[in-house]
Amino acid sequence: MASTFYTWLRSPAARDYFFSTHFWGPVANWGLPLAALSDLRKDEEVISGTMTTALACYSFVFMRFAWRVQPRNYLLFACHFTNAAAQSIQDARFVNYWYYGGREKKLALAGKAEEGPTVTPGPVTEAINAARDKAKK
């Protein structure tokens, strides 16, 4: 299998492929899904629902195009599949945050964090406090 690939790699057909828009178009397009994947770590507050939905729809349309064009452009299909998946996850995060209580939960957790942790003293803490009280007397 590997020798077949290397034989093809040295052929004129490979050169024709690597110097065509069938290859360089998808390679240049990979910036979109890479940016979308890096945005998955960002706060939900900064997600634009409109833009995320538009990018997901764009990728769904071009997934179909990549599949229907002859010869099929699997590299373009993979690029838009990755982008559509990442944008769909971002859309779900957006909807959860703004419409299904995610924002309220986050604000409630932030409020509890400002109050400080509630710690119930264990036997060790009680023994240390008792020793301090005894030392003060």
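User: What should I know before starting?

Analyst: The model is predicted: local features need pLDDT of at least 70, side-chain atom pairs count only at pLDDT 80 or more, and totals for chains, interfaces and linings use all residues. Residues are numbered from 1 along each chain as its sequence is written, and side-chain values use heavy atoms, with hydrogens and water left out.

User: Is Arg93 buried or exposed?

Analyst: Buried means under 20% relative accessible area, exposed over 50%, partly exposed in between (1.4 Å probe, protein chains only). Arg93 has 18%, so Arg93 is buried. Arg93 sits in helix H6 (residues 74-99). Helices are DSSP runs of H or I, at least four residues, numbered from the N terminus.

User: Which residues are in contact with Arg93, leaving aside neighbours within four places in sequence?

Analyst: Contact means heavy atoms within 4.5 Å. For Arg93, the partners are Asp39, Leu40, Lys42, Asp43, Glu44 and Ile47.

User: And where is Met63?

Analyst: Met63 belongs to helix H5 (residues 49-68). Its relative accessibility is 13%, so Met63 is buried. Beyond neighbours within four places in sequence, Met63 is in contact with Phe77, His80, Phe81 and Ala84.

User: Which residues are buried in helix H3?

Analyst: In H3 (residues 21-29), Phe23, Pro26 and Asn29 are buried. Take the directions from the helix axis to the C-beta atoms; these define the arc. The buried residues of H3 fall within an arc of 140°, so they line one face of the helix. The face turned away carries the exposed residues Thr21 and Ala28.

User: What covers the buried residues of H3?

Analyst: The cover includes helix H2 (12-18), helix H4 (31-39), H5 and H6.

Notes. Helix = DSSP H or I, 4+ residues; strand = E, 2+ residues; numbered from the N terminus.
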